[in-house]
Amino acid sequence: MKNILITGGAGFIGSHVVRRFVKNYPNYNIYNLDALTYAGNLENIKDIQNESNYTFLKGDIVDETYINEIFEKYQFEGVLHLAAESHVDRSITDPLAFVKTNIIGTVNLLNAFKKIWKDNFDGKRFYHISTDEVYGSLGETGLFTETTSYDPNSPYSASKASSDHFVRAYGETYGLPYVLTNCSNNYGPFHFPEKLIPLFINNIINKKPLPVYGDGNYTRDWLFVKDHAVAIDLVFHQGKNHETYNIGGFNEWKNIDLVRLLCQKMDEKLGRKEGESEQLITFVKDRPGHDLRYAIDASKINKELGWMPSVTFEEGLQETINWYLDNTEWLNNVTSGEYSKYYEKQYQ
Ligand code: NAD
Ligand code: TYD
């Protein structure tokens with residue numbers, strides 16, 4: 001049995017990765033390390049909590065002593081690092097939290113991994129999960145490739161870019177065996193409703209205004225979260241050491257078009273009048289430093305590892321809407337308490 005550490009496994013993407021690894025790899029002991037910040041929720045992985053190859057560790061990646069202790073104790077042969085502060089708007093109000101978790105936390109993990117395996121990295125792997133936002137913004141045309149220069153514009157993307165650089169530097173300097181992926185915007189079940197799609201689903205359910213930043217002509221490339229988990233599985237097992245892979249949905253949408261589609265699908269599902277939810281669209285003050293467009297060229301992972309998204313956007317979005325409507329208790333739990341304070345401050 002190999003001991004594998006997954007960080008951030010109580011969050012959105014991490015919960016899908018933990019579930020997939022616990023179910024598909026009975027020969028791994030999966031340790032899920034998560035600090036359970038506002039974004040972490042054990043309900044996201046309740047279905048696998050009693051599996052014999054699964055252990056939850058509550059801890060903070062910024063806590064160097066604790067990180068060294070668990071690496072000494074469990075001798076992790078593989079690490080999949082997803083724990084992060086992940087919301088751009090929060091990074092604008094509190095950049096230091098992003099420096100701590102995303103940069104210092106990542107370096108703590110790299111150091112602990114290096115410390116236990118320094119004499120023999122054979123068969124070991126450190127997988128850093130990152131974002132396409134490190135590349136900055138595209139104009140109306142073009143795609144991000146693995147060789148696009150880093151040009152981050154938000155404190156979030158600057159902190160992720162920095163962590164990517166540290167991972168690469170540990171590969172060059174110490175021979176640490178890493179793989180790194182930069183993925184586009186994910187959507188799907190268990191997505192915390194501070195991000196565009198789940199926030200708008202929640203507001204449509206509650207007939208609240210839909211706050212579109214600026215003129216809504218910003219473009220994102222959307223990928224269904226379960227397809228991201230498949231890509232992560234492939235890269236962890238078959239990716240080449242010291243390589244970066246871009247992951248994307250081949251699925252660009254302008255925010256305003258996506259919001260209109262979401263309104264239409266929600267109206268159908270909720271039995272509301274055609275056009276009813278669109279009336280909730282409200283154009284609000286733009287996000288500072290708002291990146292115009294992200295779009296990924298995912299041909300490398302396609303050619304080298306045979307990965308492609310398995311669902312269309314229509315299918316993925318429908319599954320997502322159905323999941324939120326079937327899980328109103330989950331939604332109500334995460335939007336009670338602290339969430340309303342955040343919401344008031346952000347959208348007042
Ligand atoms: P999320 O915010 O939903 O989850 C983050 C998880 O990390 C939470 O469970 C939280 O409790 C945990 N965490 C935060 N700080 C921690 C700390 N100091 N110590 C231990 N645990 C901590 O994030 P997500 O959307 O699931 O993103 C996961 C990873 O994927 C991140 O690294 C993010 O940068 C990257 N990513 C996200 C997207 C996206 O669209 N969501 C796209 C590409 C890449
Ligand atoms: P978001 O889900 O925060 O992801 P990211 O900023 O990491 O791409 O936002 C997606 C897009 O939606 C982005 O262009 C900002 C926009 N947006 C809104 O217009 N209104 C909102 O309330 C939010 C949260 C995002």
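Residues are numbered from 1 along each chain as its sequence is written, while chains are lettered from A and ligands numbered from 1 in the order in which they are written. Because the model is predicted, local features need pLDDT of at least 70 and side-chain atom pairs count only at pLDDT 80 or more, although totals for chains, interfaces and linings use all residues; side-chain values use heavy atoms, with hydrogens and water left out.

**Ligand 1**

Select ligand 1 and its surroundings: 28 residues surround it, and Ile13, Asp34, Ser86, Tyr156 and Lys160 are the closest. A backbone N or O atom of Ile13 lies 2.7 Å from an oxygen atom of ligand 1, a backbone N or O atom of Ile61 lies 3.0 Å from a nitrogen atom of the ligand, and an N or O atom in the side chain of Thr101 is 3.0 Å from a nitrogen atom of ligand 1. Taken alone, ligand 1 exposes 830 Å², of which the protein buries 96%; these accessible areas come from the Shrake-Rupley method with a 1.4 Å probe, and for residues only the protein chains shown count as cover.

Next, colour by secondary structure, where helices (H or I, at least four residues) and strands (E, at least two) are DSSP runs numbered from the N terminus. Helix H1 (12–24), strand S5 (125–131), helix H5 (155–174) and S7 are the elements that give two or more residues to the shell around ligand 1, and the largest share, three residues, comes from S5. By class, this shell has 13 nonpolar, 12 polar and three charged residues, with Ala, Val, Leu, Ile, Met, Phe, Trp, Tyr, Cys and Pro counted as nonpolar, Asp, Glu, Lys and Arg as charged, and the others, Gly among them, as polar.

**Ligand 2**

Move to ligand 2, where Glu133, Arg220, Arg287, His290 and Tyr347 come nearest among the 18 residues around it. A polar side-chain atom of Glu133 lies 2.5 Å from an oxygen atom of ligand 2, and a polar side-chain atom of Arg287 also lies 2.5 Å from an oxygen atom of this ligand, whereas at Leu196 a polar backbone atom is 2.9 Å from an oxygen atom of ligand 2. The protein covers 97% of the 510 Å² of accessible area that ligand 2 has on its own. H6 and strand S8 (210–213) are the elements that give two or more residues to this shell, and S8 gives the most, with three residues. The shell around ligand 2 has nine nonpolar, four polar and five charged residues.

Keep Arg287 selected and follow its chain: Arg287 sits in the loop between strand S12 (281–284) and helix H9 (299–305), and its side chain makes a polar contact of 2.7 Å with the side chain of Asp89. Arg287 is buried, with a relative accessible area of 17%, where buried means under 20% relative accessible area, exposed over 50%, and partly exposed in between (1.4 Å probe, protein chains only).

**Helix H6**

Now select helix H6, residues 196–205, of whose 10 residues eight are buried, so the helix is largely enclosed by the rest of the structure. The buried residues are Ile197, Pro198, Leu199, Phe200, Ile201, Asn202, Asn203 and Ile204. Lys207, which follows H6, has a positive phi near 55 degrees.

**Aromatic pairs**

Finally, show the rings of Phe, Tyr and Trp (its six-membered ring), which pair if their centres lie within 6.5 Å, with planes under 30 degrees apart counted as stacked, over 60 as edge-to-face and the rest as tilted. The whole structure holds 28 aromatic pairs. The rings of Phe190 and Trp330 have their centres 6.1 Å apart and their planes at 75 degrees, so this pair is edge-to-face. Phe190 lies in the loop between strand S7 (185–187) and H6, and Trp330 in helix H11 (residues 328–334), so the pair ties together parts that are 140 residues apart in sequence. Both partners are buried, Phe190 with a relative accessible area of 14% and Trp330 with 10%. The rings of Trp323 and Tyr324, with centres 4.9 Å apart and planes at 85 degrees, also form an edge-to-face pair, and both residues are buried.

Methods:
A residue is near a molecule or strand if one of its heavy atoms lies within 4 Å of it. A polar contact is a pair of N or O atoms within 3.5 Å; within protein, one must be able to donate a hydrogen and the other to accept it, and residues adjacent in sequence count only if both atoms are side-chain atoms.
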